[in-house]
Amino acid sequence: MSRRPNIEEALKKVSSRYELVHAVAKRASQLLEKGEDIFIRDKTRGELIKKTFQAIEDIAQGKVHVVKLRRSSEND
């Protein structure tokens, strides 16, 4: 049986599901830049996992921090 990403822990690191989806997409994109394959080998278990799964795990474990950028208003 395959593992499931720790979405509940990742949700604790962000303010909404939308923000989590955005952060995971951004992190997965960063991981894809490192190589063409969509799978990477989990160093602890030795199994192949998708980079999207790894992105969720990185956020859940605090390896990646989600930073909110403020938009500047027109009056600034």
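Glu19 is buried, because its relative accessible area is 14% and buried means under 20%, with exposed over 50% and partly exposed in between (1.4 Å probe, protein chains only). The model is predicted: local features need pLDDT of at least 70, side-chain atom pairs count only at pLDDT 80 or more, and totals for chains, interfaces and linings use all residues. Residues are numbered from 1 along each chain as its sequence is written, and side-chain values use heavy atoms, with hydrogens and water left out.

**Glu19 and its surroundings**
- Glu19 belongs to helix α2, residues 17-33; helices (H or I, at least four residues) and strands (E, at least two) are DSSP runs, numbered from the N terminus.
- Neighbours within four places in sequence set aside, Glu19 has contacts with Val14, Val66 and Lys68, where contact means heavy atoms within 4.5 Å.

**Largest pocket**
- The largest pocket holds about 410 Å³ of space.
- A pocket is an open set of points on a 1 Å grid over the protein atoms alone, where a 1.4 Å probe fits, with protein on both sides within 12 Å along at least five of seven lines; lining residues have an atom within 4 Å of a point.
- Grid points are joined across faces, edges and corners, and a volume is the space filled by probe spheres set on the points.
- Of the 14 residues lining the largest pocket, His22, Ala23, Lys26, Val66 and Val67 lie nearest its centre.
- Helix α2 gives the most to this lining, with seven residues.
- The lining of the largest pocket comprises seven nonpolar, three polar and four charged residues; Ala, Val, Leu, Ile, Met, Phe, Trp, Tyr, Cys and Pro count as nonpolar, Asp, Glu, Lys and Arg as charged, and the others, Gly among them, as polar.

**Second largest pocket**
- About 290 Å³ of space lies in the second largest pocket, and Asp42, Lys43, Gln54, Asp58 and Lys63 are nearest its centre among 14 lining residues.
- Two or more lining residues come from each of α2, β1 (39-41) and α3 (51-60), and α3 gives the most, with four.
- By class, this lining has eight charged, three polar and three nonpolar residues.

**Largest nonpolar core**
- Eleven residues form the largest nonpolar core: Ala10, Val14, Leu20, Ala23, Val24, Ala28, Leu31, Ala55, Ile56, Ile59 and Ala60.
- Helices α2 and α3 each supply at least two residues of this core, and α2 provides the largest share, five residues.
- A nonpolar core is a set of buried Ala, Val, Leu, Ile, Met, Phe, Trp, Tyr and Cys residues joined through side-chain atoms within 4.5 Å.
- Beyond its neighbours within four places in sequence, Ala28 is in contact with Lys51, Thr52 and Ala55.
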